[in-house]
Amino acid sequence: MLTKQNKQDIFALLLSRYPKKKAIPMEEVGQYLQENGLHFQEFGYQNMESLLGDLREFLELQIRAGKGRKEGTCLLHDYQEIQPPIRRTKVPPKPANKPNEKKRTNAPAETRKVPEKEIMDALFQNNLYQLGREYPLATLSQTLTQAGIDCHKYGFGKMKTMLKALPEDFQIRDVETNGVPQPFITILRTPKKETARKAPKKENAPTLLQMLEKEENVDFYVPDSLYLAFKEIASVGLDNQTIKKQLLEDYLAAAKAKGLEPRDDGVLFATRFQNREGERLFALLRRSDAKTAYRYFLNYIGPDRDKPKEYLWRMIHFSDFEKAIKSLAQLSRKEDWCYHNSKDRYIILKIYLQYTFYRLVTQGKIKVDEKSGFASFHTGLVTPDYEPIYAVLLKNQDKSLREDFIFQGFSVAGIQGYGKILVEHFSPLPEKATYIEDQNVLFLPENATIHSDIPHILRDNLDRFPLSFLEKLCSPFEDIAKLVSQIKAERNESKKGRLYDSLSDKIQKNELCFNLLKTSLQMAIRKGVQMIRYDNHLLLPTFFPTRNVFSLMLPLCFERSDRVDGVLIIEKTPSGNYQGQTILTLKQSYVNSRLITPLDHSYLKASEIED
C-alpha cells in the first residue's frame with residue numbers, strides 16, 4: 001500500500017500537470033501515473049481505481065455507472081492529513097506464572113548481552129547521526145541491520161527492545177503521527193573516544209595564547225579569500241577595511257574579557273557578526289611565518305561547531321534516505337561512491353551531499369517559491385548526458401515534523417514530474433555551489449617555496465603514514481620495530497591509538513630513527529613538487545567545510561614513485577609562501593576534494609582506497 005511519502009510524491013506529480021478543482025477523467029490520470037512508472041500492482045492494489053481511491057488526502061474520486069463499465073473523474077485539492085480510525089483489539093490476559101516458576105526468555109541469558117560498542121560504532125562511524133538528535137526508530141534499525149547487527153542473534157524480538165536495554169545511550173518515546181504511535185530515538189552519548197595523542201610539552205616554548213596575552217597591540221592579516229567567504233556567510237556589504245577594523249575590535253574585547261579560547265590550530269574568539277541562520281560567528285587566529293609583515297593572520301571565520309553534517313538533517317525530512325540516495329546514484333553519471341570493502345555502498349555520496357548542501361546554504365543558493373511551497377537546490381552532479389541534477393523539496397506543513405522541507409525527489413529540468421515543477425517554479429534554476437573564484441590558485445608558482453612543520457607532522461600524524469613504510473624504515477631499531485608489528489596486528493582502534501602514542505614517544509627519543517623519518521618525508525615532498533611541475537593536474541584542490549578553507553594537495557610517494565600514498569595539505573600564507581599544514585591519508589582527502597571536482601582521472605580512486 002502507498003506510504004505517506006508515496007502520496008506526497010504523487011501529489012507533487014499531479015500538481016505539476018493538472019489544476020486544482022477541475023474534473024479530470026479517471027482514465028487520463030491513471031494513464032499519466034503509469035507513464036511515470038506508478039503501477040498499481042507494485043503497491044498491492046487490484047486496479048488503478050482502488051489506488052486513486054486511496055489518495056483521499058488530495059484527490060476526490062467520483063464514480064458513475066456507464067454502459068457496461070465504470071466511468072469516473074478526479075478532482076485535485078489541497079493536501080490534508082486524514083486521521084485513520086483507531087482500531088481496538090482485545091488482548092488476551094497473560095497466563096499467570098506458577099509458583100516458584102521463573103519467566104522464560106526466548107534465548108539463553110548469555111546471548112542477551114547487548115552489543116553496545118558495535119551499535120554505537122555503526123551509528124557514528126559514517127557521521128550519519130548526531131548527538132542529542134531524535135530519529136525515527138526505523139531509520140536507526142535499518143542502519144544497524146546493514147551493519148550486520150541482528151537483534152534476534154542477541155535474544156531480542158525487536159530492535160526497539162534491544163535499544164531499550166541501553167538507557168544511558170538512548171531515550172525512546174512514541175510520537176503519534178496521524179493517530180498511529182511511531183517510536184523515535186534520541187542518541188544520548190557518543191562512543192567512547194580513543195585516547196588523544198598529545199605532543200610532549202616543551203618547557204620553554206610559549207603557546208600562542210601566552211604570546212598574545214603578552215602583546216598590547218596585536219594586529220593580524222585577513223586573506224582576500226577569507227573576506228570573500230565571510231561576506232557570503234554573513235551577508236554583509238561592508239568594505240574590507242571596515243570588516244578588518246571591526247574584527248580587530250572584537251578580538252581586543254575578547255582578550256580583555258579573557259574570552260580567547262586556545263585550539264589545536266590557533267586561538268578562537270567571538271565576533272559581532274552572525275550568519276544567515278542567526279548563529280554567532282567566530283574567528284580563528286594563527287601565527288604567521290617569520291618573513292611576513294604580520295605576526296598573525298586569520299585562518300577561519302564561521303560557526304563554532306561542526307555544522308556541515310547537521311544542516312541536511314536539520315532542514316530536510318527524508319522518509320527513506322537510503323532510497324533517495326540510491327535514486328541519486330542511479331540518475332547521476334557513473335562514479336564510485338564507496339571505498340574498497342565499504343559496508344555502505346553510497347557512503348561517499350552521502351557525505352558529498354551533506355557538505356554540498358551546507359555550502360549551498362552558506363552561499364544562499366537554496367531557492368524557495370513561496371507561492372507554491374516548492375524549493376530546490378543544485379546537487380552539483382550530472383546525468384550520463386551531462387544534464388544537471390536538482391533536488392525538489394516541499395515546504396513542511398506537518399507540525400509533527402521538525403524539518404523545514406520534505407524531500408520529494410531528484411530530477412532533471414523539464415522532464416516529466418519533478419522536472420516540470422523545476423521549470424514552472426524556478427527561473428533561473430538553482431545555481432551550483434562554488435569553491436574557487438580565481439582559477440590561478442590551482443597552480444603553484446615556479447618560485448614558490450613550501451615550508452612544512454616536519455616535527456609536528458611526525459609527532460602527531462604517524463598513523464597517516466603507510467604502515468608498510470614505517471615497518472621497513474623502523475626495522476633496524478628493535479624496540480620500535482616491535483611496536484610497529486603490534487600496531488599491524490592490533491584490530492582494536494583504541495588500543496591501536498595508544499600504541500601509536502608509544503611509537504611517537506620512542507621515535508622522538510631515537511635521534512637516528514627520527515632523522516631517517518624526517519629525511520624520508522622531505523624527499524617525498526620534494527618528489528611531489530617535481531611531479532606537479534611535470535603535470536599540474538596532480539596538484540588537486542580540496543575544500544574543508546568545517547573551516548570554510550580552500551587548500552591544495554601535494555601528492556606524496558613513500559615507497560614507490562608510481563604510487564601515491566598520501567597528500568600534504570598546503571595553503572598560501574600572507575607572504576606568498578606556501579605552508580605545509582599536515583599530511584592526510586587518501587581516504588581522509590577524498591571527499592573534500594570530490595566536492596570541487598570529479599576524481600575519475602586522478603590518483604584518488606575510491607575503489608582502490610581501503611575503508
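Predicted model: local features only at pLDDT ≥ 70, side-chain atom pairs only at ≥ 80, totals over all residues.
I'm calling a residue buried when its relative accessible area is under 20%, exposed when over 50%, and partly exposed in between.

**Salt bridge search.** I ran through the whole structure and got 23 salt bridges.

**K7 and E57.** These two form a salt bridge, with the closest N and O atoms 3.1 Å apart. I checked where they sit: K7 is in helix α1 (residues 4-15), while E57 is in the loop between α3 (48-53) and β2 (59-65).

**K472 and E559.** Next I looked up this salt bridge, where the closest N and O atoms are 3.3 Å apart. K472 belongs to helix α15 (residues 467-473), and E559 to the loop between β18 (549-556) and β19 (566-572). The two are 87 residues apart, again joining distant parts of the chain. K472 has a relative accessible area of 60%, which is over 50%, so I list K472 as exposed. E559 is at 26%, so partly exposed.

**K587 and D611.** My last pair meets in a salt bridge at 2.4 Å, N to O. K587 lies in helix α19 (residues 586-594) and D611 in the segment after α19, so parts 24 residues apart in sequence are tied together. For K587 I noted 33% relative accessible area, partly exposed. D611, at 41%, is partly exposed too.

Notes:
Residues numbered from 1 in each chain as written. Heavy atoms only, no water. Salt bridge = Lys/Arg side-chain N within 4 Å of Asp/Glu carboxyl O. Helix = DSSP H or I, 4+ residues; strand = E, 2+ residues; numbered from the N terminus. Buried < 20%, exposed > 50% of the residue type's maximum accessible area, 1.4 Å probe, protein only.
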